[in-house]
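This report goes through one structure, starting with the contact between its chains and ending with single residues. The sequence and the model come first.

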Number of protein chains: 2
Amino acid sequence: MLDVTLLGTGGMMPLPNRHLTSLLVRLDGSSLLIDCGEGTQIALAKANLSPNPIDIILITHFHADHISGLIGLLLSMGNSDRREKITIVGPKDIEKVVSSLRIIAPQLPFKIEYIELKNEKGILNIGKYNIEYFKLKHKITCYGYSILVPRLPEFQLEKAKENNIPLKYWNKLQHGEIIYDKENEKTYKPSDVMGEEREGLKLTYLTDTRPVKIIEEMAKNANLFICEGMYGESDKDDNAKEYMHMTMKEAIKIGVKINPKEMWLTHYSPSEMKPQKYLEEFRRTLPQLFIPKDGWHKELKFED
Amino acid sequence: MLDVTLLGTGGMMPLPNRHLTSLLVRLDGSSLLIDCGEGTQIALAKANLSPNPIDIILITHFHADHISGLIGLLLSMGNSDRREKITIVGPKDIEKVVSSLRIIAPQLPFKIEYIELKNEKGILNIGKYNIEYFKLKHKITCYGYSILVPRLPEFQLEKAKENNIPLKYWNKLQHGEIIYDKENEKTYKPSDVMGEEREGLKLTYLTDTRPVKIIEEMAKNANLFICEGMYGESDKDDNAKEYMHMTMKEAIKIGVKINPKEMWLTHYSPSEMKPQKYLEEFRRTLPQLFIPKDGWHKELKFED
């Protein structure tokens, strides 16, 4: 199960009732954070979530509204007794940028491992997380991310019995091991006890980009697609182009093409005082759309 | 008139209902900010105050809870059309520290002038502000500040007439000029038209320090004395000593000695969930004491 909380929904600057866009994902007792603008640690506390279990922080890009809360968060993690290493992933120079910000937090009680992204797209396997990253189109280098949770095929008792697989190997085979049995000179494969491939979970998150082709490819088959929708008003198309952001309409156009199970907009302009007012109109085109407020939450579960 | 707003009252880390300690002072259309931890710009917006008129930012020291919101604030000042130069004052290396943090905000639409404090104490005259600074005793170099608004003596019509001061000089003399009249070969002084010296306004602000002697000297005769009171619980005395902070009791002891017109505590530990619960007890010792919440506001006016 992937537990997803959209901590904030704002772009550019925090507002009294709207924190900057960031996402917390929880998986088996571990947390992963995407982006950390000023106030993210407050949004986390408001959602009754501890900063302590955050093992991975993914930064999309180095504009302040996506990273200016990082130092406060790291310090609060230290104060909440975090001692285990954390991994920070981001565009080229992520280590240089975080180190420069750490002039006001030179000492932390845990290690930081950095992963600098350089390719157009790729896959990272960090701990229990499978993370796809892909380059977007913004004023500066910016990445989108998908979190994938693969699902093992089902164990089939009948199949194991039919294939005469010794009981002692069932558990290992279920967990993907291939076993050679010397005594019988036989090789056993996971497929000897397991059923068909099963669909896993996919969460795709992206902000601060023009609507480029790679998004459709990378967000395909998402259970939840969280996408920038900076402006709802139609007279802001030029702003979106000039500052390289995406309007709600542009985001929804992508949503219609890839047809995710559910879609959330985020990263609203401070000029959009009530982004939810567009929901009814846009749902006529994309019924699975939401225009969340801060703290929006969902558990993504395997389908049965 | 000095308009004073205590934007936040928290120490160490921001809480959902408590921003980090910072103070906004307004004087004749200009604002001065003391400290800027994470979320200060949100606290400012909550108090319905614009970041645009901030001409001076005083930083007490470089612990993150006092400066981590600076970059977000500077960016929001730019977004609110600030174009005039601002002055940032702080301990040695203030320019180096702010420049390092500006890795995520390299371009701002206004100039920053830095003033690095090096002495134990001193006076700065910046624009319309008279600022006294004085070194405190914390884990790292930390300064306290007083804002002084001098009051001109009263213009006395009768005195001007009695002294036969020509009408054309009255205005200049009122504003402190000394005038030599060639025709009459006479020198006119401000005291020829003005009454007695009058008491001005004094606001003293300090956090993150042990209770050292210099505080009594520098906060003497304050109209408003805002002072750290990190812990109310009596079992936190050792914490205060170890991390070089001040307990509420220690702060009040200073308050009793200098007897300011009004005293506010601030910079509460996150462990103090309801600092106001100590008010009744402490007011028995110091009746002019307040234990403010975020957004506490007062107008300091000349006495009549």
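## Interface between chains A and B

Between chain B and chain A there are 5 residue pairs in polar contact, counting pairs with both residues at pLDDT 80 or more. The structure is a predicted model. The side of chain B that touches chain A draws two or more residues from each of three elements of chain B: α1 (40–46), α2 (70–79) and α3 (94–101). By class, that side is made up of 16 nonpolar, 11 polar and 3 charged residues. Across the interface the rule finds 0 salt bridges.

In total, 30 residues of chain B are in contact with 30 residues of chain A. The area buried between the two chains is about 2,300 Å², and carbon and sulfur atoms give 70% of that area. In chain B, the residues that lose the most area to chain A are B:Glu38, B:Ile42 and B:Ile104, which together give 27% of what that side buries.

## Relation of the two copies

The same surface serves both copies, since 100% of the contact residues of chain B recur in chain A.

## Salt bridges

Side chains of opposite charge can pair when their charged atoms come close. Over all chains, a search of the whole structure finds 32 salt bridges. Three of them are listed here.

| Salt bridge | N to O distance |
|---|---|
| A:Asp192 and A:Lys189 | 3.9 Å |
| B:Asp192 and B:Lys189 | 3.9 Å |
| B:Asp55 and B:Arg82 | 2.7 Å |

The salt bridge between B:Asp55 and B:Arg82 has its closest N and O atoms 2.7 Å apart. This pair links distant parts of the chain: B:Asp55 belongs to strand β4 (residues 54–58) of chain B, while B:Arg82 is in the loop between α2 and β5 (86–91) of chain B, 27 residues apart. B:Asp55 is partly exposed, at 27% relative accessibility, and B:Arg82 is buried, at 2%. In chain A, A:Asp55, A:Arg82 and A:Glu84 are linked in a network of salt bridges.

In chain B, B:Asp192 is buried, with a relative accessible area of 14%, and B:Lys189 counts as partly exposed at 41%.

## Helix α8 of chain B

Which residues of helix α8 (residues 248–258) of chain B are buried? They are B:Met248, B:Glu250, B:Ala251, B:Ile252, B:Ile254, B:Gly255 and B:Ile258. The buried residues of α8(B) pack against several elements of chain B, namely α6 (213–219), β13 (224–228), β14 (262–266), α9 (279–283) and β15 (289–290). After α8(B) comes B:Asn259, whose phi is positive, near 50 degrees.

Two loop residues other than glycine have a positive phi and are described in turn. The phi of B:Asp35 is near 70 degrees, a positive value in a residue other than glycine. B:Asp35 is placed in the loop between β3 (30–34) and α1 of chain B. Is B:Asp35 buried or exposed? At 0% relative accessibility, B:Asp35 counts as buried, because buried residues are those under 20%.

A:Asn48 has a phi near 60 degrees, a positive value in a residue other than glycine. A:Asn48 is found in the loop between α1 (40–46) and β4 (54–58) of chain A. Its relative accessibility is 73%, so A:Asn48 counts as exposed.

A:Lys92 is in the loop between β5 (86–91) and α3 (94–101) of chain A. Leaving aside neighbours within four places in sequence, A:Lys92 is in contact with A:Phe62, A:Glu116 and A:Leu117. From A:Lys92 to A:Gly10 the separation is 82 residues in sequence and 25 Å in space, C-alpha to C-alpha.

Notes. Residues numbered from 1 in each chain as written. Chains lettered and ligands numbered in written order. Heavy atoms only, no water. Contact = heavy atoms within 4.5 Å. Buried area = accessible area lost by both parts, 1.4 Å probe. Salt bridge = Lys/Arg side-chain N within 4 Å of Asp/Glu carboxyl O. Polar contact = N/O pair within 3.5 Å; in protein donor to acceptor, adjacent residues only side chain to side chain. Helix = DSSP H or I, 4+ residues; strand = E, 2+ residues; numbered from the N terminus. Nonpolar A, V, L, I, M, F, W, Y, C, P; charged D, E, K, R; others polar. Buried < 20%, exposed > 50% of the residue type's maximum accessible area, 1.4 Å probe, protein only.
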